[in-house]
Structure formats: structure tokens, C-alpha cells
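Hi there,

I'm passing a structure on to you, along with some notes on it. Please have a look at it before you read on.

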Amino acid sequence: HFEVHFACDPRCWSLLGEGPGRRWPLATMVPQTFLDRLRAGATLYRLDELERYVAADRELLRQTEPAVVVGDFRLSLGIAAPLHGVHYMNVTNAHWSPYRGQWSFPLPEHVLGRILGQHLGQRVFDAVRPAVFAWHARPVNRLRRRHGLPALGNLLSVYTQGDTVLYSDIPELAPTYAAPGTHHYLGPLGAQPTQTLPTWADQIPDDARAVYVNLGSSGRADLLPELLGALAQHPGSVLAATAGRIDLPPRPGNIRVEKYLPGDWAAAHSAVVVCNGGSAPVYQALRQGTPVVGIASNLDQFLMMQAVERAGAGLLLRSGPCRGAAVAQAVERVRSDPRYRQAAQALARSITRFDPATRFNEILQNVLSGRAAPSETRGARAGPTERPSVTGGGYLLEANRA
């Protein structure tokens, strides 16, 4: 029904498959720079970078003239879209919502915790967090004011700014309270590249006794050898994906190591999934009713695993002091206590209630029919007799979280 345009950095095009619509190149920082800033607690985008992003966004909007633009952590769209007068749909996570309730913000892996200890470090973090969030929002707000737009407040408002806000979550895991009618739950987005099963797949018993280990692109790859050694006595198979970040020597018979594995298949065959705690691998596990041990480092991962632990579907470990033996103990605790799997299965049933594609289409139709007017734009530019175009794109933060 729509003319679709998809914009992202060309290095990500191989992940898209043969999807419909036209692709547009959109330069973004390399993932390692993003991850380095994330680990250091620095602002993710400098003012000059955001200015270049806004200029690129406005040029793309000028060329495509869309009725709606959809972004995934493309912070510059919160400026470019209202300047162009196009409805902006922002895909994000509910744990960043200003309407997330009173759940605490855990201290991520930071020098503050290493110097003061976690307990005192958390108290200091709680005291300074409002100022820290305002500081992180400063580049976006400075640029907004430069373009005649009002400032948004703190980081939560920046991350969830949009005419329509779409949470890639389920409310049972990430509840919000008194959110406006322009905020909607889509359900978890579970796309993954098409992969063939490994040659040894038929040797894995279909009894959900395996452990699936995938620390992704931002987890502690250096922990893998020690972790796999600690899991060597696990009664089932150990399925490990390295994401190409480390070369591992041959392992004992129960340990299978590949560069990549089909995540849904691996999670479905496992008693426990060990990951970095990001929303993508966590929901991949929960979709199969499999509990999670999350080794978290950045705040996004801590917020996700805080919700999982609160729901009783897994355990949160801090990446900094983490050792292989501690992870193996957490795996055994989760595997041997049926309450973790029961909680994960309950969340899996909640996930099945959401069809993100259908839900997105319903919200999109409401937007285009005028039942969801933009709050900050001058209105969509596609006329009633034109075939509306929908432009999507932005920095693929989920790829960094995975």
C-alpha cells in the first residue's frame, strides 16, 4: 500500500535481505566508536555530529517527501522531522520512557562503582543522575534551540521524542503509567538474518537441556574461554556463538562453538540463555520461554535485565567483576529452579499476543487518516490523491545491543 524507502549506513545493507522499497545511504559513526562512548559514559553524539545528521536527514526527507518517517534511535530525526513538517514515529524501549514509573536506574559498569563500591556508588549515582541525564541531553537540546525548537528536558524525553512513540516491548515486562495516547506497545521486534542450522544440529537433544551462550558485539568476549571451561561439566550441550570477536580452540564434546548461530533455534533448545542483557537477545530467549542470565555492562542492558529479574525470568550479573565460575553458578541456579522457566513461559505467552507488523500497520493507518495528528509538525505533505511514501531508517542501535 505504500512507497517504502529505507535509509541506513551501507555497511548494514547486507542485513536487510531482499526487502521491498528503495535503499538510501545514510552515513553513521562506526559501531566501535558508539560502544566506546557508551562504555566511557560519554555523550553518544557531539553537537557537530548531530548537526551533520540533521542535514543528512533533511536532505533525505526533501528527496523522498514522505508522509511518515520512522526512526530507531536516530536522535536527529526529532529535529529534522518537525523542521520538514513530517510525522515522526520513534521506535524505542519502554524502560527509557518518562512514564516508566518509579523503578530505579541501576549504576552501570562505571569507574564510580570501582572506586566507591557498588552500594555507595549507587547512592552517589542516584544523587547525580538528574544532572547526568540533563548533560547527556544537552547536545540535542542545544541543536533544537539553534533551529527554533523547544528543549525537551532530560535524556528520557530525548530518547522518546516523537509524534508517535512505539515501544518494542510488552507491558508485562516494561510497564508505563499515564502515558499519552500517542505512545503504543508494538511488542518485541524479532528479526534476525536468515541462517542455516549447523551441521551438528541434529545431535542436540530436543529436551531443552542445553545452554546457549552469545555475548554479542558488546559483551565481554574475553570471558568466553573461562566461561566455556566452567560450563564443561554442564549436563547438557553448550552452544556458543562468538560473533567473530574471538578465536577459540577445540572444546570438549558437549561444547559447540560457531561464529554465528540461529538464535531462535538455539534458545528454543536451551534451558538457559547467557547473553549481554540487551533487549534483542533477551526477547529472543523469552519468545521461546527460556530464562536468561544477563551479563550487563551499559545502562540499557541493566534496565532490561532489571525488568527480567523483577519478573522472575532470569538473573542479572555485572560484567565488570564477573568470572566464568559465577556465570556457571547462575546458570545452574536458573536451570535447577523451575520457577524461572515458568516465569519465562508466562512472558512468552504475553509476547504471542503482539503481532508487531499488524500493530504497526494499524497505528500507521490511524496516523495517515488524521486520527493521530503530529504534535510538533506542520502536517504530512502527501496529498489525498498521492501514494504516500514512508521513510524508515536511522542508526541501528539494536545491532550494537545484540
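Predicted model: local features only at pLDDT ≥ 70, side-chain atom pairs only at ≥ 80, totals over all residues.

Residues are numbered from 1 along each chain as its sequence is written, and side-chain values use heavy atoms, with hydrogens and water left out.

Let's start with strand 11, residues 292–296 (strands are DSSP E runs of at least two residues and helices H or I runs of at least four, numbered from the N terminus). Five of its five residues are buried (under 20% relative accessible area, 1.4 Å probe, protein chains only). Val 292, Gly 294 and Ala 296 lie on one side, with Val 293 and Ile 295 on the other.

Strand 11 runs parallel to strand 10 (residues 270–275), joined by three bridges, and parallel to strand 12 (residues 314–318), joined by five; strands pair if DSSP finds at least two bridges between them. Val 293 stands opposite Val 274 and has Leu 315 as its bridge partner in strand 12.

Now the largest nonpolar core, which has 35 residues (buried Ala, Val, Leu, Ile, Met, Phe, Trp, Tyr and Cys joined through side-chain atoms within 4.5 Å). Leu 173, Leu 239, Val 282 and Leu 286 touch the most other members. A second, separate core holds 34 residues, including Leu 50 and Val 140.

Best wishes

Note on methods:
Buried < 20%, exposed > 50% of the residue type's maximum accessible area, 1.4 Å probe, protein only.
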